[in-house]
Structure formats: structure tokens, C-alpha cells
Amino acid sequence: MTDTTTDPTAATERHLPADLPERIQHYIDGRFVDSADGDTFEVLDPVSNETYLRAAAGKKADVDRAVAAARRAFAEGPWPRMLPRERSRILHRIADIVESRDARLAELESFDSGLPITQALGQARRAAENFRFFADLIVAQADDTYKVPGRQINYVNRKPIGVAGLITPWNTPFMLESWKLGPALATGNTVVLKPAEFTPLSASLWAGIFEEAGLPQGVFNLVNGLGEDAGDALVKHPDVPLISFTGESSTGQLIFANAAPHLKGLSMELGGKSPAVVFADADLDAAVDATIFGVFSLNGERCTAGSRILVQREVYDEFVERYAAQAERVVVGPPHDPRTEVGALVHPEHYDKVMSYIEIGRTEGRLVAGGGRPEGFPTGNYVAPTVFADVAPEARIFQEEIFGPVVAITPFDTDEEALRLANGVRYGLAAYVWTNDLKRAHNFSQNVEAGMVWLNSNNVRDLRTPFGGVKASGLGHEGGYRSIDFYTDQQAVHITLGEVHNPTFGKADLDAGADVDDPDLR
């Protein structure tokens with residue numbers, strides 16, 4: 001039985017943060033506005049699944065207004081023309097404000113998304129750090145310069161591109177919004193943000209934060225709404241040259257197709273079914289702790305979750321026994337309770353999806369922990385941490401992204417088999433390798449099909465490194481200078497220092513023409 005909080009009434013008690021808004025509007029050109037057609041949609045809290053507010057439902061007309069405001073701010077406003085240091089100061093002020101309000105941000109995020117309050121607090125602080133990182137990076141940035149002595153200097157001039165369309169998911173929404181907003185704004189672009197419809201609450205706070213920090217009017221715009229309406233209109237808008245999207249791979253395919261006619265720049269971080277590979281020589285204590293956290297933190301709603309655990313047969317039975325016992329001790333509870341380790345899933349639609357995979361798993365593996373709604377939680381989107389062992393590689397719970405607190409454990413015998421199993425899915429976002437063999441660790445990591453690999457480590461991010469996946473897990477990379485690359489045009493400027501070095505055409509009186517094969521001219 002999964003542990004819960006010690007208070008038997010806490011499981012069904014609805015905790016409402018103070019001063020909740022009754023409605024959420026769009027934020028366009030420095031003003032909060034309703035949808036052009038007045039349409040709204042319901043927003044539920046995941047503990048009661050009751051409607052707690054209505055949000056403006058954006059459509060094409062609302063996206064058109066937001067893009068026009070952002071385009072005007074880019075073409076006529078001061079933001080793209082500010083010195084990097086000036087933009088950096090504003091970004092640091094944004095970080096200061098976010099950091100000073102981390103408790104309130106975490107409270108609202110936890111209520112809206114179902115994330116445990118302690119984990120939501122960490123995400124709020126990470127959001128502040130994202131802005132600080134890019135505020136520092138644009139000031140310290142050095143671009144390439146190439147010199148041909150006595151002949152030419154060539155340098156790279158970076159320029160903001162224009163209006164960036166940012167489409168963000170419902171898991172850790174505030175932090176992931178900051179991950180896109182930080183570099184997009186740092187590089188001088190203006191933005192239109194379309195947050196996930198399940199979790200619009202924390203996104204509505206950005207407008208006040210940006211105004212207080214001194215961001216010029218029109219630089220930031222927010223349109224709420226459904227993906228098929230507001231998101232689709234943003235992707236298809238001809239005046240939005242950049243789209244950064246985080247979400248499901250199937251949605252990424254639609255965005256790719258709809259952006260193609262306009263040849264938009266795309267950065268898409270998509271789904272994952274990441275392997276955690278545990279070899280017999282690994283530190284099993286560390287591996288069990290890390291793989292428990294890696295799939296059950298953030299309610300299992302994380303793209304980099306190590307939701308397939310591959311364990312070498314020599315230690316397989318011991319690992320499964322220890323893992324299942326520890327999974328049973330993971331504390332499921334109300335999101336606002338600081339003791340909670342797994343809260344409520346974000347929405348009843350997603351809850352139904354995860355529960356359907358658990359039912360599928362009963363026919364595809366050996367259930368050793370969890371398996372459904374935990375005791376003491378008759379309502380709300382609660383799922384007990386669920387562990388299936390002996391899962392075959394062709395099983396759906398091995399192949400398909402569940403995005404919840406569900407893990408599949410599979411044995412292997414050799415390094416070659418482990419690599420084949422690790423690479424045997426359509427996804428390729430992350431991988432985790434546990435071994436004390438240095439040679440094996442590096443060879444395996446270089447051959448696994450994943451955009452990111454952690455060796456004997458949990459998912460510890462360095463913001464300077466590229467973040468992104470391969471195969472169905474994404475297109476492009478962000479993080480560090482990769483984000484700067486995505487949000488800027490890189491213009492090559494060439495300057496002749498001496499005599500013009502140029503082939504001469506059309507002068508018949510010359511004895512010989514120029515050598516057009518001069519390698520310096522290529």
C-alpha cells in the first residue's frame with residue numbers, strides 16, 4: 001500500500017490559495033483584454049476537478065492582435081535596439097522579482113498543476129535562474145571573427161529575428177515558460193506566448209512581473225486558448241518567423257507541417273521514453289534512489305523521465321525487489337502538503353490516459369507496486385507510483401510515452417542487448433547509465449540514441465549545455481549558445497583591408513584574365 005499523509009481528511013480536502021482570480025484574460029500590447037468573440041474555457045484544479053476560473057479562449061483574431069503588437073514593438077520600439085547590457089539589467093530585475101515571490105508562485109503552480117509544493121518551489125527558483133543565466137550570457141557573448149592577414153576581416157553580426165511564438169506545456173509550466181522567454185527576450189526579440197490550456201494560472205503572472213521590471217510595452221504578449229485554435233493560429237501566422245514548442249511528438253508533427261509553408265525556424269522538444277540502464281557493477285543504492293526520483297518526481301509528468309529501467313540479470317531480482325519496496329513508500333498526498341512526493345495529475349483527461357496504460361500493463365508485465373488509485377484518495381487525479389517488472393520490449397508500456405508515475409523494468413544480459421533495448425523505441429531524448437566501468441560508460445553513452453546522457457547521475461542540468469532530443473523526441477537544441485543561435489540571425493560581414501581582390505571580366509585589352517580559381521575567393 002502506498003503511504004499517504006498522516007491526516008486522513010487531507011486527501012479529500014480542497015486547499016484554495018488566497019486571492020485566486022475569477023477569470024484570466026489575454027495580455028496584448030500592455031493591456032489585459034478579453035477574447036474578440038468573448039469566448040472562455042473552464043480551468044479545473046486537479047484535486048477536486050472542479051472549475052475554479054474561466055480563461056479567455058483565444059482564436060485567430062486574438063493571435064492577430066497579439067502578433068501585430070509584437071511586430072510593432074519589434075519594428076518601432078526600443079527593445080531590439082537596446083545595448084545587451086541594458087536588456088540584461090531588465091532581465092536581472094525580472095529574476096529578482098520572480099525570486100522574491102517564489103513562495104506565491106509555487107503555491108499557485110502547485111494548485112493549478114497538482115505538483116507537490118516543494119517541487120513547485122524548486123521550479124519557481126529555477127525560473128529566476130533561467131533569466132539570470134541569459135542576462136549574463138548576452139553580455140559575455142563573443143561572436144566569431146576571422147582574419148586573412150593584409151587582405152580581409154570577416155565577422156559575425158547577430159540580429160534578433162522578430163516575433164517569437166512560444167508554445168509551452170502544462171508540466172512545470174512557469175519554469176518552462178521562463179526557459180523560452182529568457183533567451184527570446186535577451187536576444188532582442190518580441191514574443192507571443194501561448195500557455196497550455198490546462199495550466200494558465202502562473203502564466204498570467206508574467207505580465208505584472210514584466211511591467212514592474214520595465215519591459216517595454218508590446219514586447220511580451222500572452223494569448224490563452226486551445227492548441228487547435230490559438231496555438232494553430234500562432235504557428236500559421238506569416239509574421240511569426242520563429243516557433244519554440246514543448247509538448248507531445250504528435251503535436252510536433254502537426255506544427256512541423258503547418259510551419260513548412262512559411263519556412264519558419266523551429267525548435268521542438270517533444271516526447272520521451274528514456275532508458276535508465278543499470279549494469280551489475282553499478283552502485284545499486286544510488287541507482288535505485290536516482291531511478292525512483294527520475295520517474296516519480298514531478299508526478300511522472302516529465303519528458304526526461306527514465307520510465308524504462310533496463311537492469312543486468314545478475315542484479316535484476318535484487319533491484320526489482322528493492323525498487324518496488326521503495327516505490328511503495330513514496331508519499332502520495334495533496335499537492336500543498338510539504339510531505340507530499342507525488343501529487344495529483346494535472347487533469348482528468350490525462351488521469352484517464354495514465355490509468356488506461358496501467359490496465360494495459362497488467363497484461364504486459366508483472367505488477368510489483370501500485371497499480372491504480374491509492375487508498376484514501378477517493379477523488380482527484382491521484383495515481384499510486386506503479387512498477388511493472390519483466391516487461392518485454394514489444395510491450396506498449398515499454399514503447400509508448402505514458403507521462404505519469406508508471407515505470408517498466410526489463411532484464412538484459414550483455415552490453416549489446418542493453419544498447420539494442422535502449423535504442424529500440426521511436427524516442428531519443430535522454431538516457432541514464434549506471435556502471436563503474438569507465439570504458440563501458442563512455443562507449444555506451446556515445447552509442448545510445450539520445451540527445452542527452454547522464455552517467456551515474458540523476459537529471460542534473462547545466463544551463464550552458466544543449467538540451468534536446470533525436471528521433472521523435474525533438475528538432476533542434478536550446479540551452480546556452482544554442483538558444484542564442486536559435487533566436488538570432490547570424491549575418492556574415494566581410495571587409496577588404498587592402499587592394500580589392502577581384503576577378504576582372506569585360507576588359508578585352510588585358511593580356512590575361514583573372515584566375516577565377518584563386519582559392520582565396522571561395
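**Exercise 1.** Determine which classes of residue line the largest cavity, and describe this cavity in the predicted model.

*Solution.* Step 1: by class, four nonpolar, three polar and four charged residues form the lining of the largest cavity. Here Ala, Val, Leu, Ile, Met, Phe, Trp, Tyr, Cys and Pro count as nonpolar, Asp, Glu, Lys and Arg as charged, and the others, Gly among them, as polar.

Step 2: a cavity is a set of points on a 1 Å grid over the protein atoms alone where a 1.4 Å probe fits but cannot get out, and its lining residues have an atom within 4 Å of a point. The eleven lining residues include His15, Val47, Phe111, Pro335 and His336, which lie nearest the centre of the largest cavity.

Step 3: helix α3 (residues 102-113) gives the most to this lining, with three residues. Helices (H or I, at least four residues) and strands (E, at least two) are DSSP runs, numbered from the N terminus.

Step 4: the volume of the largest cavity is about 110 Å³, a volume being the space filled by probe spheres set on the points, which are joined across faces, edges and corners.

**Exercise 2.** State the order of the three strands in the open sheet, and find the bridge partner of Lys159 in β21.

*Solution.* Step 1: the order is β6-β7-β21, with antiparallel pairing; two strands pair if DSSP finds at least two bridges between them.

Step 2: β6 (145-148) and β21 (488-496) are the edge strands, each pairing on one side only.

Step 3: strand β7 (residues 152-160) is joined to β21 by nine bridges. Within β21, Asp489 is the bridge partner of Lys159.

**Conventions.** Residues are numbered from 1 along each chain as its sequence is written. In this predicted model, local features need pLDDT of at least 70, side-chain atom pairs count only at pLDDT 80 or more, and totals for chains, interfaces and linings use all residues, while side-chain values use heavy atoms, with hydrogens and water left out.

How values were computed. 1 Å grid on protein atoms, 1.4 Å probe; cavity = no way out; pocket = protein on both sides within 12 Å on 5 of 7 lines; lining within 4 Å.
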